[in-house]
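I opened the model to look up how its chains are folded and how they meet. The entries below follow the order in which I looked.

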Amino acid sequence: MSLKLDPTTSIHRRLLILLLPPLALLMVAGGFADYRASMVFMRTAYDQSLADAALAQAALLKVVDGKIHAQLPPQPQPHGNRAEKFYYSIWGPDNLLITGNPQLAAATAGEGNPIYADAWLGSHKIRVVTYRVATAAGVATVNVAETTSRREAARHFILTSTWLMDFILVDSTLLLVWIGVRYGLKPLLAVRGQIESRSPRELRPIETAEVPAEVRPLVDALNGLFEVLREAAHAQRQFVADAAHQLRTPIAGLVGHLELLTQDPAAAALESRLAVLRDGMRRVAHSANQLLALARAEPSANLADHFQNTDLVPLVERVIERNVDRSVKAGLDLGADLAAASVAGSAWLIEDLLGNLVDNALNYTPAGGHVTVRCGGSQSEPYLEVEDDGPGIPEAERSRVRQRFYRLPGSQGHGCGLGLAIVEEIARLHRAAVTIDAGSGGLGTRIRVQFSPLEAALQGKTANAVTP
Amino acid sequence: MRILVVEDNDLVADAIARGLGIAGFAVDRAPSAEVAATALAAEHFDLAVVDIGLPGEDGLTFVRRLRSQGATLPVLILTARETVAMRVEALDLGADDFLMKPFEQSELAARCRALIRRANLNTNGQLNFGRLRIDVAGRQLRIDDKLVELTGREWLVLECLAFSAGRVVSKERLQQTIARWDQAMTPNAVEVYVSRVRAKLADAALIRTVRGLGYRLDEPEA
C-alpha cells in the first residue's frame, strides 16, 4: 500500500493514518497465523490417535498358512462424548480385502508410512490413515478412518476463540493508539489554542512554560519574530510621533501668521488667496495631528494593561465642549443625548476616537444641520454614537471610508482621510464594533461604536495579565 | 493687561505676540526661561504663556521654580508633544491651562482672557466679562456701568455661568446650585431662570444653549 500524505495534513490525522491501518493489518495477520498454528496442532493430535489405531490393528495381523488373517478389532473408544464413526479395511498384498469395509480405499497421496488423507465415504467426510505393514505373506495395508465431526467442532472452536481474541485485541489497540495520539498531541493543541486566541495584531510573546520540547524551537522563533516586529512597530510609532511633533511648532507659527494676515486690513485685497492658504495650512496641521493620533493608536504591546474603567459621559462632554465654537461658526447645532455608560479602555484614545467622529460630522454636515452625540448602555452594553443629518455615506462606500486616506469622491472639507481609520484602529484596540448606518429617517450618517461589557472587558484584562 | 510670552521659536513667538496684541493685550517676549525670570522679577505681568520645549531650562522646570518662589500669576503652557502624563504634570506643577500646538489665535486669546478673569476674581472679587462687571462679593451686576437688578435665583445662575465663562455648565450643575436655595427645582425651572437672566443681559452677553448638555456664557457675536 503506498501512502501519499499531504505535508499539510494534521499531525493528529497523520499519526492515525500511519498507525491504525498497518496495526490493524498486523493484528489480523497475527490472528490468522495463530489460527493456522492451532489447526496444525489439532490435526496432528487427532491424526496421531488415528495412526495409533492403525498400528494396533497392524499388530494384530497374523500369518497362517501363508495367508494374512486379521482379528476383529475392538471398536476404539471415541475421545469425548461425541459419537464418532470408525471404519476399517485391511487389504492383502494382491489387493484382496481381508476384512473391513470394502469401500474404504487406501490413501494414495503423500509419502511415508503412515500416510493421511481426507476422503469421502458415501456422504460422510472422513479422515483416513493408511499404514503398510510387512508380513511373512507380503505387505498388508491397514486403513483406519473416522468421521470428522469432532475435528470440525474443534476447528470451529479454535476459529471463534482466535477471532474473538483477535477482534478484542485489534479494537483495544486501535482505541489505545487513538487515545495516545490524542493525549500525546495535547500540549501542541494548547500552543495552537494560545496562538488562536491572540488578536491578529498582538505582538506579545507566546508563553513557553508548557510548550513541548519539539515545538519549543518553533515557538522561540515566533517569539523572536514578535520581538523584532514589536521593535519595528515601536520604532515606526516613535518616528511618526517625532515627525509630527517636529512639524507642530513651525505649523503653529505659520497658522498664527496666516490668521493674523487674514485679519489685517492691509491684506484685504488678497483675502481669497489668503483663505486658500489658511485652509491648506489647517489641513497640514490637521494631518499632523491625525498622524500622531494614529501612531498613538497603533497597538503597543501592553496597551490593554493600561485600560481602566472609563466613564463616557464626562468624556463626551469634553469633546462637545471643545467643538462648540466650531459648530457655532459652521452654523450647526451640536448637541448631546447622554445616559450612563462605562467601558474598559483608555480615556485618551476614546477621546481621540470620538473627536474624529465629531470632526467628520461637523465637516460634512452643511450649515443648519444637526450633529448629536449619544452614549448609553451603562455597563452591560456601553456605546458611543454620533449622528448627523448631512449628506450621508452611500451604502456602497461605507466599508471603503474606513480605509486610510480614503475620501468620499467629491467630498468637501479639509479631511485627510485618516479620521475613520483612526476610529477603526482605536475601536479594534478596545474590541469594539463600529457600524455605519443612515441616520434616523434615512437621513445623514449614524456611526455607532459598540463596546464590550465593562465587567467582561476588565476581567479579560486580568485574565490576560495572569495567563498571557 | 500685560502678557509675557516665553517661546524660543521666532515664528511662533512673533505670531503669538502680534495676535495677542491685536486682541488688546500688551505683549513682551522672552526667548528663554532665564530671560523670562529676569523680566518677571523686574516688572508686573498678568499672565505668562510658556512653551515647554525651551532651550536651557525647560518650561515645566521654569513653572515649578516660579511657583516655589511664590509667584501667583497665571501660566498657560504651550506644547507640541502631548501626553497625559505631561498634561497632569504641568497642571500639578501649577500651570493653569494647557494648549496644544498648533492652535488658533482666537483660541489662545480666549484662554488668556479666561485665565486673567479668574485671577482677577481671586484677587479682588471682581469678574469682568465683556461688558459685564460682576462684583461677586457685593452681589452686583453692572452692564456698561449701569446697575442691573437680579433676583436671588437669577444671581446664582449668572454667577455659576460667569465663574465658568466660555465653558459649558451642565444643566444638572445649575439645578444643584439653585436647589440649595430652593428645594423644589425642576430642570424646566432651570430653563425658566436661564431665560430670565438671558433677557436681563440683553445684548451685553450671550447665554448659549448646548443641546443636551447645558449652557455657556459667551461674549456676544460681532
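Entry 1, chain B overall. I looked up the contacts in chain B with a separation of 6 or more, and residues 24 or more positions apart account for 53% of them, where two residues are in contact if their C-beta atoms, placed from the backbone, lie within 7 Å. This is a predicted model, in which local features need pLDDT of at least 70 and side-chain atom pairs count only at pLDDT 80 or more, while totals for chains, interfaces and linings use all residues. Residues are numbered from 1 along each chain as its sequence is written, and chains are lettered from A and ligands numbered from 1 in the order in which they are written. I noted 8 helices and 12 strands in chain B; helices (H or I, at least four residues) and strands (E, at least two) are DSSP runs, numbered from the N terminus. Of the 222 residues in chain B, 35% are buried, a residue being buried if 20 or more other C-beta atoms lie within 10 Å of its own, exposed if 12 or fewer, and partly exposed in between.

Entry 2, a sheet in chain B. I found an open sheet of 4 strands in the order 6-7-8-9 in chain B, with antiparallel pairing; two strands pair if DSSP finds at least two bridges between them. Strand 6 (126-129) and strand 9 (146-148) of chain B are the edge strands, each pairing on one side only. Strand 6 of chain B is joined to strand 7 (residues 132-135) of chain B by 4 bridges, the two running antiparallel, and B:Phe129 stands opposite B:Leu132 in strand 7 of chain B.

I took a nonpolar core as a set of buried Ala, Val, Leu, Ile, Met, Phe, Trp, Tyr and Cys residues joined through C-beta atoms within 7 Å. The largest one has 114 residues, and B:Val6 and B:Val49 have the most contacts inside it; helix 7 of chain A gives the most to this core, with 9 residues. Leaving aside neighbours within four places in sequence, B:Val49 is in contact with residues including B:Ile3, B:Val6 and B:Leu76. A second, separate core of 17 residues includes A:Ile90 and A:Val144.

Because 13 of its 18 residues are buried, helix 7 of chain A is largely enclosed by the rest of the structure.

I counted 24 residues of chain A in contact with 23 residues of chain B. On the side of chain A that touches chain B, helix 4 (216-263), helix 6 (312-329) and strand 9 (333-338) of chain A each give two or more residues, and the largest share, 13 residues, comes from helix 4 of chain A.
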